[in-house]
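Have the viewer open and follow along.

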Amino acid sequence: MQLTARRTFLSKTKEEKQAAKEKRKQERKELVGEITKGYFSDLKELKQSGGKRFFAKDKLITEKDALVFPEFQAKNLRNRVINLRTEFPGSTTLVLMWLRAYGQIMCSKYKENFTKEFADHPDVKYFEVNVVEGWFYRLLKPFIEKSLRSQIPVKNQGNYLCYFGNTEPLKKGLVENVIVGYAFLVDSHGRVRWKAHGTPTQEELQYMTDCTNMLIRDVQKRKT
């Protein structure tokens, strides 16, 4: 009787383990399918419209409607851990973010225009955020960072962040297409007050400059 009960218990345990294994396998399959579907959808959109779902506006997002930029920490290329939320107070900040190398090319156009206009302004900052997705690339973190240090000019390495953590909080509400690059103007309270994505038009670059000046005036008012 005891032997039969033991066999039944072991058999049940084995079945439960197998069921749990199959469940995890199915969940991974669904996750990969979802990611793949999303990637090819983004790729199709990139071919059709350059990845642009909308053009950036010529005015700021209202404080009431603005999203708060997600809190996260990442190392810059000087090995210093940066928490962006602590960088925003007292400043107007441009955050450039991409999840694929193609997006970095787009972000460089925003950066070039922005630094030309505001490089020496005491109330303005900018950060580039290279979001690295996938466990395989995370294993290569030291090699990726070393390679980037050899490519990024030393003077810009303090502003260049590599993020290897959970990407979902960063993407939620901010990223529509993972292939393109994004530009966010963040106010001194950490709110996203202007947003653009994809390759910028000349009008969008001008809007970015105008909106930056609006936020600078707001910062200066608060200081007086």
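First, some ground rules. This is a predicted model, so to speak: local features need pLDDT of at least 70, side-chain atom pairs count only at pLDDT 80 or more, and totals for chains, interfaces and linings use all residues. Residues are numbered from 1 along each chain as its sequence is written, and side-chain values use heavy atoms, with hydrogens and water left out.

**Cores**

Start with the largest nonpolar core, which has 27 residues. A nonpolar core here is a set of buried Ala, Val, Leu, Ile, Met, Phe, Trp, Tyr and Cys residues joined through side-chain atoms within 4.5 Å. Buried means under 20% relative accessible area, with exposed over 50% and partly exposed in between (1.4 Å probe, protein chains only). Among the elements giving two or more residues to this core are β3 (92–98), α3 (101–118) and α7 (202–223). The largest share, 5 residues, comes from α7. Helices (H or I, at least four residues) and strands (E, at least two) are DSSP runs, numbered from the N terminus.

Met208 is one of the residues with the most contacts inside this core. Leaving out residues up to four places away in sequence, Met208 touches Leu94, Tyr110, Asn113, Phe114, Leu185 and Trp194; contact means heavy atoms within 4.5 Å. A second, separate core of 25 residues includes Phe69, Ala74, Ile179 and Tyr182.

**Aromatic pairs**

The structure holds 7 aromatic pairs. Rings of Phe, Tyr and Trp (its six-membered ring) pair if their centres lie within 6.5 Å; planes under 30 degrees apart count as stacked, over 60 as edge-to-face and the rest as tilted. Two pairs involve Phe69:

| Pair | Centre to centre | Angle between planes | Type |
|---|---|---|---|
| Phe69 and Phe72 | 6.3 Å | 45 degrees | tilted |
| Phe69 and Phe88 | 6.0 Å | 80 degrees | edge-to-face |

Phe69 and Phe88 sit 19 residues apart, in the loop between α1 (2–49) and β1 (73–76) and the loop between α2 (84–87) and β3, respectively. Both are buried, and Phe72 is buried too. Ring pairs link Phe69, Phe72, Phe88, Tyr163, Tyr182 and Phe184 into a cluster.

**Helix α3 and the cysteines**

In α3, the buried residues include Cys107, Tyr110 and Phe114.

As for disulfides (pairs of cysteine sulfur atoms within 2.5 Å), a search of the whole structure finds 0. Cys162 is buried at 4% relative accessible area, and Cys211 is buried at 0%.
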